[in-house]
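These are my notebook entries on one chain, taken down in the order in which I looked things up.

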Amino acid sequence: SGVITLDPGFKNTGSCESAITFLDGEKGILRYRGYSIEELAEKADFLEVVFLLIFGELPNKDELSKFKDDIKAQSEVNLDMKKVIKGFPSTAHPMGMLSSLTSALIAFNPKSVNVDSEEDMYKAIVKILAKFPTLAAWTLRRRNDQPLENRDNNLGYVESFLKMMFQKPGEEYKLNEKLVAALDRLLILHADHEQNCSTSTVRIVGSSQAGLFASISAGVSALWGPLHGGANQAVIEMLEEIKADGGDTSKFIAKAKDKEDPFRLMGFGHRVYKNFDPRAKIIKKAADEVLAELGVEDPILDIAKSLEKAALEDEYFVERKLYPNVDFYSGIIYRAMGIPTEMFTVMFAVGRLPGWIAQWREMRLGKEPIGRPRQVYIGEGLRGFKEIDNR
Ligand code: CMC
């Protein structure tokens, strides 16, 4: 009814009220439930942040230990899920496998769909938190043709995820505590980012009451694209291309500025941050630390740094307020950890899972109406049907 306001890309349209994440794009501020991202990245561990995002408060010791136990109790993935993953060719993109596996999980947990009470919601939440990292790790193991193992419940959430990804059959897996800490921090930085593309997708799918797992599966698909979570893979591919081309960053900056050329500087720019991305600041420092810890000298890091410097001095990028975003340096850390490029967006998904869950839960508890945008019709007026011989 009435006049419809057009806002392609929802640049100025608020889709909901939310008490989860505060973001000030001008000042470069990001807070989860009122806590600054800088402080959380330094002091909290990932599961504390998961609890905070979903339930609104930092857990006390008892709450955290119950939460961890509840997750461990649900960590086993149904054996038949292995058949599903084995049906994929080992060349399948891990994000495609992850979204399919998340959907397939519904078949083995049908009670997780209709969750109207908070208690049923909690059960579904714990289930997906427990099984999602296993599915994520399995996408890598499928790629490497390795046996699929369930989570080792003697280890923490992040440790067991690393082990599931990297343990070689018949060998003991040695955890590097510094890497665990670095990954924990990366996951915290990715955990929520208010109404971004994948989160809006999760809320809109969930608004039809399709269920948590179906909503998360849709979120994974939305995250996959190179303009969103897929940017971390695209950044490394771009840096490799620059390196293979001889390392001249100015040539690629010129390409990114050329409006005839579809090329964009991957890992640059953000819909909301117009001064700097606070996550990128923390990640840049972490990248230096992880590379030093591992003794890795990655020529790609040098290219990234010179590209960043050149772009920040260039009028085109300055005028448009284009700065490195969270994805610009995260791939360099994942690479140093030995994670293949195609898996980067899967890592992002594991980090973003709690945000998707928190936003879905807020939407359901708030009894938000079904998401259903309007449009401005610009097609033909009424036409008479043309018989096939006359077309
Ligand atoms: N390289 C070159 N030019 C750019 C870039 C870029 N990376 N980003 C934006 N611009 C230009 C764009 O061409 C436009 O110029 P003009 O005003 O002359 O037409 C202007 O800057 C504004 O860009 P926009 O496309 O209207 O901005 P948006 O808010 O719709 O898009 C974005 C935001 C993140 C999709 C975009 O900056 C982009 O494509 N960046 C590269 C991909 C990327 O790194 N994505 C990760 C985002 S952060 C994490 C996440 O969401 O997962």
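Predicted model: local features only at pLDDT ≥ 70, side-chain atom pairs only at ≥ 80, totals over all residues.

Entry on the whole chain. With that cut-off, I find that buried residues make up 41% of the 391 residues in the chain. I then looked up the radius of gyration, which is 22 Å for the chain, and this agrees with a compact globule because one of 391 residues would have a value near 21 Å. Along its principal axes, the C-alpha trace spans about 65 × 55 × 50 Å. Taking the contacts with a separation of 6 or more, I see that 77% of them are accounted for by residues 24 or more positions apart.

Entry on secondary structure. I list 17 helices and three strands in the chain. The three strands form an open sheet in the order β1-β2-β3, and the pairing is antiparallel. At the edges I find β1 (21-24) and β3 (35-36), each of which pairs on one side only. I followed the pairing of β2 with β3, where two bridges join the antiparallel strands, and noted that Y32 has Y35 in β3 as its bridge partner.

Entry on the domains. The domain assignment divides the chain into domain 1, which is made up of 17-225 + 343-365, and domain 2, which covers 231-336. Their centres, taken over C-alpha atoms, are separated by 26 Å. To the contact between them, domain 1 gives 20 residues and domain 2 gives 20 residues. Which elements give two or more residues to the side of domain 1 that touches domain 2? I find β2 (29-32), α1 (37-43), α8 (177-190) and α17 (344-365), and of these α8 gives the most, with six residues. Sorting that side of domain 1 by class, I get eleven nonpolar, four polar and five charged residues.

How values were computed. Residues numbered from 1 in each chain as written. Domains from an automatic or database assignment. Contact = placed C-beta atoms within 7 Å. Helix = DSSP H or I, 4+ residues; strand = E, 2+ residues; numbered from the N terminus. Nonpolar A, V, L, I, M, F, W, Y, C, P; charged D, E, K, R; others polar. Pairing = 2+ DSSP bridges. Rg over C-alpha atoms; globule rule 2.2 N^0.38 Å. Buried ≥ 20, exposed ≤ 12 C-beta atoms within 10 Å, placed from the backbone.
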